[in-house]
Amino acid sequence: MEIKISKRLETIAAMVPKSIVADIGSDHGKLMIELFNSGKITKGYAVENKKGPYNRLVKALEEEGVIDHVIPMLSDGITELPKCVTTVVIAGMGGKAIVNILKKDLRKLDNVETLVIDAHSCIPFVRDEVSKIGYSISEEKIIKEDGIFYEIIRFTKSDVAFYSDDDIEFGPILRKEKSALFKEKYQSRIDEIDNLISSKKLPYNRIAILTAEKTKLETIL
Ligand SMILES: C[S@@+](CC[C@H](N)C(=O)[O-])C[C@H]1O[C@@H](n2cnc3c(N)ncnc32)[C@H](O)[C@@H]1O
């Protein structure tokens, strides 16, 4: 049966290389089902650390008839990651939670060549931290779905990765591409800052901070 997935999950799936994949925080299992049904993977792991989502996951994998290929695991992050896994996906969580999951046991990443990350907050923090644990950014996509911007980052194992402050903040690939969506995201923040400043209800120091942010954003557009 063909399942319907969001543009966000579709984008993540397209950024996953042919490999053995573990999706950490798999919840409904839609990403792994899509990866299997599209032929991107022949084997993978769907990891959940909570009983409720885990039971939902098992049911979805059974209903789709993929449970012999996409193996559900009730476990915490990458702590029980099988050695055969070469790609890890972590999507739909805050950036700090994602970094905590990855840094909990770095040895588990020894065989992991690719990380595909969809952080819903603290994206610069994710770029900074993940590039310090032996990965560099090989692909970035910005999408907008239901009025929300998402930045999805693929990291590939590499010895050295050096990024400027602007690379970390805005993404080394995204800021060079300057796609229409990238511009829209930061233009809407500039408009928001203009509205805040013109409301005349802000203390001087807050206006100074917002003005500095606006000036910075104007330089990257
Ligand atoms: C908001 S859902 C995102 C689901 C899916 N990845 C997506 O992007 O649509 C986050 C899921 O991650 C699970 N989760 C959070 N921390 C986890 C951890 N340390 N290990 C495994 N699963 C975790 C939660 O139980 C929840 O089902």
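**A tour from the ligand to a pair of helices**

Begin by selecting strand S2 (44-48) and strand S4 (87-93), each of which supplies at least two residues of the shell around the ligand; strands here are DSSP runs of E with at least two residues, helices are runs of H or I with at least four, and both are numbered from the N terminus. What you see is a predicted model, in which local features need pLDDT of at least 70 and side-chain atom pairs count only at pLDDT 80 or more, while totals for chains, interfaces and linings use all residues. Residues are numbered from 1 along each chain as its sequence is written.

Stay with S4, which gives the most to this shell, with three residues. Next select Gly25, Asp27, Asn49, Ala91 and Gly92, which come nearest among the 14 residues around the ligand, where a residue is near if its C-beta atom, placed from the backbone, lies within 6 Å of the molecule. Coloured by class, the shell shows six nonpolar, four polar and four charged residues; Ala, Val, Leu, Ile, Met, Phe, Trp, Tyr, Cys and Pro count as nonpolar, Asp, Glu, Lys and Arg as charged, and the others, Gly among them, as polar.

Now select helix H4 (residues 95-103) and helix H5 (residues 123-131), whose axes, lines fitted to C-alpha atoms over the stretch in contact, come within 8 Å and cross at roughly 20° on a scale from 0 to 180 degrees between N-to-C directions. H4 is therefore roughly parallel to H5, a term for angles under 35 degrees. By class, their contact has seven nonpolar, one polar and two charged residues.

Notes:
Parallel < 35°, antiparallel > 145°, perpendicular 65-115°, else oblique.
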